[in-house]
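Q: Please take a close look at a single part of this structure and describe what surrounds it. Then relate that part to the remainder of the chain, stating the cut-off behind each term used.

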Amino acid sequence: MQAAIGPEDDLPTLVRARDDLGALRYIRAHKLRQPVLVLNHGKRLLGLSDEGRNIASGSRKVTDSERLSALEQLCVASLDLGKTTLAESCLDSILEAGVAKDSARYRKLLAMCCESSGDYDGATAIYDKLLEENPSNGYAAKRKYCILAAQSDKQEEAANAMNEYLSNNSGDVSAWNEMAELCLNASDFQGAAYCYEEVVLGCPLDSTVHMRLGEAYCTAGGLENTKLARKHLAQACQLEPNNLRAWYGLVSAAESYLDEVSQLGKSKREDEGDGVEVARALIEYAGSKLIQSYRKSSSMSKIVETVLRESAENNTL
């Protein structure tokens, strides 16, 4: 049972003990990305050179399944470190171990080797085939997106690929975050806000996510959006009081809200009376926090005071 879930010792202990098999098991069980460690321990465990040739009997005897798992880890780590010769040698050894050429296990690694060599068309063809066989193959869909995102002239196709992935994997927070970045790059701030709302659902206590969501709403503009921007930026400040960017954003969002209110008719302006008072209070409070944070720099503190004073003068309704 222990071999299935990973060793009890932590990774530094396993590394110091030169427990190659234990270190690889630990990295695999905890889904860590440690290519240098995998390379060192994998080569020593399997007795391989930098080119993938057998130069020793290995640091210990392993089962066929453990050897296959180590070869897969070593192949991916080699690609991460640009050691394509070693990766290709591992791929050949995986075939020799009895893995079928048409298996998803082998084709996944083959596609990664194609990506590493710059053969995007070849890799895409493999991922398309994997998705045809299994539309819910999240790994293939993600890799297909990454290939498109790496090409500056295919950003629209990348966005479409990410949309397709999210339609089948709506709970993937990292994918929503990536989609938000795509929207920001395309100046689709309303779309970015929608994506960050999904990220907030998965990371409700992350100050940075609330901050970016607030910034997206603020940049999108409009009365309701500035209210939402104020809300999320205030949440970001509450979660991380030292987040100066969030404090500045809160001031900006409150000012934007006041600008939106100033453009309303008299009756609608009166309806926003409470919101106006809240916005002014937030500007004052956030301003005092910013001034306090620059107390060791008198020149910067004076600049902040001047900016806030001008803001107060310009936002008299």
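A: Helices here are DSSP runs of H or I with at least four residues, numbered from the N terminus. The model is predicted, so local features need pLDDT of at least 70 and side-chain atom pairs count only at pLDDT 80 or more, while totals for chains, interfaces and linings use all residues. Residues are numbered from 1 along each chain as its sequence is written, and side-chain values use heavy atoms, with hydrogens and water left out.

An α-helix has 3.6 residues a turn, so residues three or four places apart point the same way. Helix α14 covers residues 223-239, and its 17 residues should span 24 Å, the expected span being 1.5 Å times one less than the number of residues. The end C-alpha atoms of α14 are 25 Å apart, which agrees.

One of the covering elements, α13, has the highest confidence in the protein chain, at a mean of 97; pLDDT is the predictor's confidence in each residue, from 0 to 100. Confidence is lowest in helix α1 (residues 2-5), at a mean of 44. Over residues 1-5 pLDDT stays under 50, and the model has five contacts beyond four places in sequence for them. The protein chain averages a pLDDT of 89, and 93% of the residues score at least 70.

Ser187 has a positive phi of about 60° although it is not a glycine. Most residues other than glycine have a negative phi. Lys31 also has a positive phi, of about 55°, and is not a glycine. Lys31 is found in the loop between α3 (20-29) and α4 (35-46). With a relative accessible area of 77%, Lys31 is exposed, a term that applies over 50%.

How values were computed
Helices (H or I, at least four residues) and strands (E, at least two) are DSSP runs, numbered from the N terminus. Buried means under 20% relative accessible area, exposed over 50%, partly exposed in between (1.4 Å probe, protein chains only). Contact means heavy atoms within 4.5 Å.
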